[in-house]
Every structure is written in structure tokens, then in C-alpha cells.
Amino acid sequence: YKHSRDSVNKLSIDHSRIDFLVSSEVVRGVLFQHIAMEQPTTSVVFMAPSESHRADWDVLFHGYATFYEVEQTQEMRDTVWEWIQNPNHEVKAIVAVTQDGRAVGLAHYRPFPRPLRATVACFLDDLFVQEDFRRAGVGTALIREVAKIARSKGWSSVRWITSESNHRAQAVYDRIATKLDKLTYEMPV
């Protein structure tokens, strides 16, 4: 799998009981388990965001900031947009796009070195799905798409954090990954 602006992978979810099955083994440090879900029909493709997705991406990223109660200006969104459009910047993005071309989910990710393990892993910085597409497997599929990209780059794992109060997301994450016993600290500089 080569990730580029032309890369597109498709996910279709139908009314019948389907399985998202990557494996039930540890795949480069990320535990993927068998997940069976019943969902309404949802069809999305995954791709790097292009200019045609800018307005939708803005709404999604603003929604993500609002969810986490982070003040975010248009200038901040413009900066991140420039990052994800710059092929030389470490921050990358994929969007989940409906058949009618609307971006309804986003994932921002980047490599991060793990000196103790002498590997490079993937950090999933931001994950957000439009409200009316939640519980349709789009978030899970975005994470799996990032994992696929990480594997193709030889990265050792995918890691992300979430709020302790985000129980809905944790229910998904607990099914597809291993919860670590690490605490996160941040010091402004």
C-alpha cells in the first residue's frame, strides 16, 4: 500500500452482520481483535484531503476542537491545513469521504521515534467523525486505515490518547487496541 493523494481505499458496511477482521494477533505492537458489528449502510473511501475537502475538513476539525473544549481560530486551522498539504511536513491526514464527495471523518497522524525500542511508531493525533456517521464503523475504519499506512511504512505500532471522559470512544478502542498503563503529562514552555 502506497499512501498518496491518489490512494483510495473503500469501506462498505451493509445491514447484514459483517466482520472487520485484520487478525487476532499482535500486528507490530497493535492488538487487533475480531470485531463484529451490525450497522446501517455506509460507504466511504479514504484519501488524503484535497482542496475539494477543505470546507468539510474545517468543520470536522473545528468540531473536534469544540468536543475537547479547545479554543481554535481559523488561523490555527489554516496552519494545520498547510501542514497536511505539505508533502515534506511530518503531519499527515486522511479523510473518510462519502459517495457524494463529503468528508465525514478525519485522522491526523505522524511518525514518532521510540528510542527505548529503537523503532519508529505512528502517533494518531486527532480522530473525529461527523455526528450522524458515528456508530457506523467509520472511526474504527479510520484507525485501521492509519494502521495499514503505518504497516506499509514499517512503523512498529499506532498509539493515541483520549480523554478519560470519552467513554463512547473508549468502548471502540478497547475492542481494537490494547490500553496502556501510561499517564500523559504536558508542560507548557
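How far apart are the end C-alpha atoms of helix α2 (residues 74-85)?

**View 1. Helix α2, end to end.** The end C-alpha atoms of α2 lie 16 Å apart, which agrees with the 16 Å that its 12 residues should span at 1.5 Å a residue (the expected span is 1.5 Å times one less than the number of residues). Helices here are DSSP runs of H or I, at least four residues, and strands are runs of E, at least two, numbered from the N terminus. A word on the model: it is predicted, so local features need pLDDT of at least 70 and side-chain atom pairs pLDDT 80 or more, while totals for chains, interfaces and linings use all residues. Residues count from 1 along each chain as its sequence is written, and side-chain values use heavy atoms, without hydrogens or water.

View 2. R77, V80, W81 and I84 are buried (under 20% relative accessible area; exposed is over 50%, partly exposed in between, with a 1.4 Å probe and protein chains only). They cover an arc of only 105° around the axis, so they sit on the same side of α2; the arc uses directions from the helix axis to the C-beta atoms. Facing away from that side are the exposed E75 and E82.

**View 3. S156 in its loop.** S156 sits between α3 (138-152) and β10 (158-159). At 15% relative accessibility, S156 counts as buried. Its side chain makes a 3.1 Å polar contact with that of T119 (N or O atoms within 3.5 Å, within protein one able to donate a hydrogen and the other to accept it; residues adjacent in sequence count only if both atoms are side-chain atoms).
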